[in-house]
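Trainee: I am new to this structure. Please take me through one part of it closely.

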Amino acid sequence: MKIALVGYGKMGKIIDEIATKRGHEIVARLKETPTAENLNNPDVVIEFSLPEVAFDNIKTCLENKIPVICGTTGWLEKKPEIEKLAVENETAFLYGSNFSLGVNLFFALNEKLADLMKNVDGYSCQLEEIHHVHKKDAPSGTAISIAEGIFKHNPKFDAWKLEETQGNQLGIFAIREDEVPGTHSVFYRSEVDEIEIKHTAFNRNGFALGAVVAAEWIKDKKGNFAMKDVLGL
Ligand SMILES: NC(=O)C1=CN([C@@H]2O[C@H](COP(=O)(O)OP(=O)(O)OC[C@H]3O[C@@H](n4cnc5c(N)ncnc54)[C@H](OP(=O)(O)O)[C@@H]3O)[C@@H](O)[C@H]2O)C=CC1
Ligand SMILES: O=C(O)C1=N[C@H](C(=O)O)C[C@H](O)C1
C-alpha cells in the first residue's frame, strides 16, 4: 500500500518505521501543508500534525478523494464538517484519539464501569491524564474520549472541565511531566475507598502500530469510522 505521512514529528517517524516493516511504501513525508502534488498519489494518508493545521490538511486530502487516518488531537469541534466532506467526496475518514489496542480496551472497560456506577450513590468521579511537556493541547484527546464514554452511561455528567469535578461537569486533571508518553486514569472515590482504572503507555509504538493497522483496514472503504470498527470492539 502507498502511504503519505502528513506530519513528520515524533509520531510520523515511528509510523514510517512500522509501516515500512509491514511492507508499505511511504510516498510522502510532509512537515508542511499537503497538496495534490506533494501527497504523491497515496492510497491512504496518515495525519499526525498539529491541532491548528489538522482540519485544513484533512480537508485537502478528502477533497482529493484520499482516505484519511487522523490521530491529531485538539481540533474536534470541526469533526462534523470533516465527516460531511468524507461522505460528499465518496471517500473514508477515521479519527482516533488513541490508536493503541490497550487504550481501546480501556475505553470499553471504562464504559462498563460507568454503567455499573450510574446507580451507585456516594462516589465522586474524576479523570487524570499525564503527558510530556511538549504536548500542545489539554486535556488530551484520549481523556475527552474517556469522558464521552462516561456521559453515554451516566446521566449525572454531560460536560467536562479542566481540574476538579463540579456538578454535571466531569473534571480532568491534565498534568505535564518530563517525557511521559501518555497515562490515563479514572477514579471513583467514596468516604471509605477508591476504585481506579489506569492505562500507562510505556512508549509511542502502540499508537503508531494502531494507526498503520487502521490504514490497512480503511483502504477500500467509504464513510466515517472509529478505531472500535477496526478492532471489532
Ligand atoms: N491518536 C493517537 O494515538 C496519538 C495522537 N497524538 C497526537 O498527534 C499529534 C502529533 O503528535 P507528535 O507527532 O507527537 O507531534 P510533533 O510536534 O512531534 O509533530 C508534529 C509534526 O507536524 C509538522 N507540521 C507542522 N505544520 C504542519 C502542516 N501545516 N502540515 C503538516 N505537518 C505539519 C511538524 O513539523 P515541524 O517540526 O517542522 O514543526 C511536525 O513534524 C498531536 O496532536 C498528538 O496529540 C500523539 C500520539 C498518539
Ligand atoms: O500528544 C501525545 O503525545 C498524545 N496524544 C494523544 C491524546 O491527546 O490523547 C494520545 C496519546 O495519549 C499521546
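Is Asp178 buried or exposed? And what surrounds that part of the chain?

Mentor: Keep in mind that this is a predicted model. Asp178 is exposed, because its relative accessible area is 57% and exposed means over 50%. Asp178 sits in the loop between β8 and β9. Its phi is positive, about 45°, although Asp178 is not a glycine. Most residues other than glycine have a negative phi.

Glu90 lies in the loop between α3 and β5. With a relative accessible area of 55%, Glu90 is exposed.

One of the residues that touch it is His132. His132 belongs to the loop between β6 (124-131) and α5 (141-153). His132 is buried, at 8% relative accessible area. Leaving out residues up to four places away in sequence, His132 touches Lys10, Arg176, Glu177, Asp178, Glu179, Val180 and Arg204. Pro139 is in the loop between β6 and α5 too. A cis peptide bond links Ala138 to Pro139, with omega about 0°.

Now the sheet. Five strands form an open sheet, in the order β7-β8-β6-β9-β10, and the pairing is mixed. The edges are β7 (159-162) and β10 (194-200). Each edge strand has a single partner, so one of its sides has no neighbour in the sheet. From one strand to the next, the twist averages 20°. Look at the β7 edge. β7 and β8 (residues 169-176) run parallel, joined by four bridges. There, Trp160 stands opposite Leu170 of β8.

Asn104 is in α4. Asn104 counts as buried, at 6% relative accessibility. A polar atom of the Asn104 side chain lies 2.8 Å from the backbone oxygen of Ser100. Beyond its neighbours within four places in sequence, Asn104 is in contact with Asn98, Phe99, Met227, Leu231 and Leu233.

UniProt, in an unreviewed entry, lists residues 102-231 as "domain: Dihydrodipicolinate reductase C-terminal". That span is 37% helix and 28% strand, and its end C-alpha atoms lie 11 Å apart.

Follow Phe99 next. Besides Asn104, its contacts include Phe48, Ile69, Leu94, Phe207 and Met227. Phe99 is part of the largest nonpolar core, which has 26 residues. Ile15, Ile46, Ile69 and Phe99 touch the most other members of that core. At least two residues each come from β1 (2-6), α1 (10-21), β3 (44-47), β5 (92-95), α6 (205-218) and α7 (227-231). α6 gives the largest share, seven residues.

Finish with α2 (residues 51-63). Its buried residues are Pro51, Ala54, Phe55, Asn57, Ile58, Cys61 and Leu62. These residues pack against β1, β3, β4 (68-70), α3 (79-88) and β5.

Technical notes:
Residues numbered from 1 in each chain as written. Chains lettered and ligands numbered in written order. Predicted model: local features only at pLDDT ≥ 70, side-chain atom pairs only at ≥ 80, totals over all residues. Heavy atoms only, no water. Core = buried A, V, L, I, M, F, W, Y, C linked by side-chain atoms within 4.5 Å. Buried < 20%, exposed > 50% of the residue type's maximum accessible area, 1.4 Å probe, protein only. Contact = heavy atoms within 4.5 Å. Pairing = 2+ DSSP bridges. Axes fitted to C-alpha atoms, helices over the stretch in contact; angles between N-to-C directions. UniProt positions renumbered as here; feature names shortened; annotations may be inferred. Polar contact = N/O pair within 3.5 Å; in protein donor to acceptor, adjacent residues only side chain to side chain.
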